[in-house]
Structure formats: C-alpha cells, structure tokens
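The entries below follow the order in which I checked them.

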Amino acid sequence: MQVTKLGEGRAEVAVVGGIHGDEPCGMRAIERLLRDAPEVRRPVKLVVANEEAAERGVRYVEEDLNRAFPGYPDGETHEKRLAYELAHELEGCRTLALHSTQSHAEPFAVVDGVDDLARTVCPRLPVASVVETGRFVEGRIFKAVPDTIEVECGLQGTEDAAANSYLLVLSFLTATGVLPGVPPARDTPVFRLVRRIPKGPASEYEVFVENFERVDEGETYAAVDGESVVAEDQFYPVLMSSSGYEDVFGYAADRVGYVG
C-alpha cells in the first residue's frame, strides 16, 4: 500500500485507487494529482491500495479486496491483511474510492446508504446516478470505512475512465474543502439495489437493456445460449453486463428519489 499526503496536519479526507489491481483509472488520477501538486487548503491522503495486484495486472492476489473488509492483521490472505491496514489508514477520513466497470461508460456513485456525506457530496460530483447498496455490502469498504463514496469512473482500462477519475477527484476535493471553490450541485437520481440477477452456466450470454433504464414486466432483457430471459416484474438494471460477473448479470434496483 502506498500512502502520500498533501498538506500539513492530520488528514480527514482521503482518495483511494487500486482497490482492484486491474482498474488503473484511480491510480492514474492519483499519479496525475501528485504531478500537478495543487496547493491544498486542508490535508488529504492519497492511497494506492493493492500495489501487488496492480503490478501483476490482476483484480486481486488471493481474494477480492472489496469483499475482505474489515480484514484481520494476521489474516490468511494478502487481501485480508491489506483490508485491515487500509481501514486503519482511512480511519476518520471522508473517503472517495475509485473503480471502473465492464458494464457502464458513464460515471456513477455507490454508497452504503444516502447519509449526510452522500447528500452533501454526491450532487457535486460529475455522476449521473447514485446507487444505494443496502444489504449488498458484505465485505465491502463501507463496513470498515463508513464515510466512503465509491465511484465507478467508466469502462475498465479506457482513457475515458482515467480522465473521468481525475475530474471526480478534483470535484470531491473541492466539495470537501481540500481545494478552493464550490462545485455546483444538481439533482441526481438515487437507485436502491433490491436483488441480484443470476445467470446460470452457459457458453454465451447477451444483454439487451441499458443500465439505469427501466425494464418492464415481460420485457426480454438478456439471453443465455440463445434462450431469452424475460423480466418477471419491473426493475432498473445496475452493473448489468454479459461478462462483468461470473454468476450474475448484475443487479435489479428501484428508483427511490434524488439527492441535491
């Protein structure tokens, strides 16, 4: 884990990249910020989390770091130990964790729930949506670092995701008072995850719907080896793709309101 601090004193704001080693956008944003070295009004920690996975170009070394929190100092895996160290490094910090996805090109925020931090900061980030994970947080960073906003910055490995990541960092640091200025706020829709959308073993998967766009009851939203999969009820797809997850297409969500 690499930790760098801008500014003097105890940091209460942090930015984390590299939780997944095959998602370089957050690490690139941190590198760019360090090169630019802006003058900060309050200190901020910049953390590259899973350096070993990043060096290998893999998502994780032994287990998914974002399913390993709170971790253990003598954990049986690299990620269990790293989760413990990272949680203690971020203790007391309002944190932005940067990710990328294989399912959606436009940035969106992910939160445990819409709390004061989400209501204050998310409307000031260049994101199209906010997703509440609710009960789907087993082992995620929220369990150990509650004042965290995760952001899916764009499609994994793309230049757009790297550029989006840097803009998201600047917006977050402005919204939390690290950088000067007041970013404009806007109404941002909130979606709450309600269930996983499973996919069985097959050789070919297809997805026919767009994330965050309503799927109606009876609509064909996917195919498994050419056989249509039809919605039993209305839902909004989130993180939906043919290849992102091994055993699920993604998640079904309800649209529950706005922040802003």
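Is Arg192 buried, partly exposed or exposed? I looked this up in what is a predicted model, and found Arg192 partly exposed, with a relative accessible area of 39%.

Entry on Arg192 and its partner. I noted that Arg192 forms a salt bridge with Glu132, and that the closest N and O atoms of the two are 2.6 Å apart. Arg192 belongs to strand S8 (residues 188-198) and Glu132 to strand S6 (residues 130-132), so this pair ties together parts that are 60 residues apart in sequence.

Entry on Arg195. Because Arg195 lies in strand S8 and Asp233 in the loop between strand S11 (227-230) and strand S12 (236-238), the pair ties together parts 38 residues apart in sequence. I read both residues as partly exposed, Arg195 with a relative accessible area of 30% and Asp233 with one of 36%.

Entry on Arg42. I looked up which residue pairs with Arg42 and found a salt bridge with Glu12, whose closest N and O atoms are 3.3 Å apart. Arg42 sits in the loop between helix H1 (25-36) and strand S3 (44-48), while Glu12 sits in the loop between strand S1 (2-6) and strand S2 (13-17), so the pair ties together parts that are 30 residues apart in sequence. Arg42 counts as partly exposed at 29% relative accessibility, and Glu12 is likewise partly exposed, with a relative accessible area of 37%. I also noted that Arg10 joins Glu12 and Arg42 in a network of salt bridges. For the whole model, I wrote down a count of 13 salt bridges.

Which residues form a negative surface patch? I listed Glu204, Glu206, Asp225 and Glu227 as its members. Of these I followed up Glu206, which is found in strand S9 (residues 205-207) and is partly exposed, with a relative accessible area of 31%. That value belongs with the patch because membership asks for over 30% relative accessible area and no salt bridge.

Entry on Val114. I placed Val114 in the loop between strand S5 (108-111) and helix H4 (116-121), and at 24% relative accessibility it counts as partly exposed.

Entry on Ser129. Is Ser129 buried or exposed? I found that Ser129 counts as buried, at 5% relative accessibility, and that it lies in the loop between H4 and S6. Leaving aside neighbours within four places in sequence, I recorded contacts from Ser129 to Pro107, Phe108, Ala109, Thr188, Pro189, Phe191 and Phe212.

Definitions and conventions:
Residues numbered from 1 in each chain as written. Predicted model: local features only at pLDDT ≥ 70, side-chain atom pairs only at ≥ 80, totals over all residues. Heavy atoms only, no water. Salt bridge = Lys/Arg side-chain N within 4 Å of Asp/Glu carboxyl O. Helix = DSSP H or I, 4+ residues; strand = E, 2+ residues; numbered from the N terminus. Buried < 20%, exposed > 50% of the residue type's maximum accessible area, 1.4 Å probe, protein only. Patch = residues over 30% accessible without salt bridge, like charges linked within 9 Å, V, L, I, M, F, W, Y side chains within 5 Å. Areas by Shrake-Rupley, 256 points an atom, 1.4 Å probe, with all protein chains shown as cover. Lys, Arg positive; Asp, Glu negative; His and termini not counted. Charge placed at Lys NZ, Arg CZ, Asp CG, Glu CD. Contact = heavy atoms within 4.5 Å.
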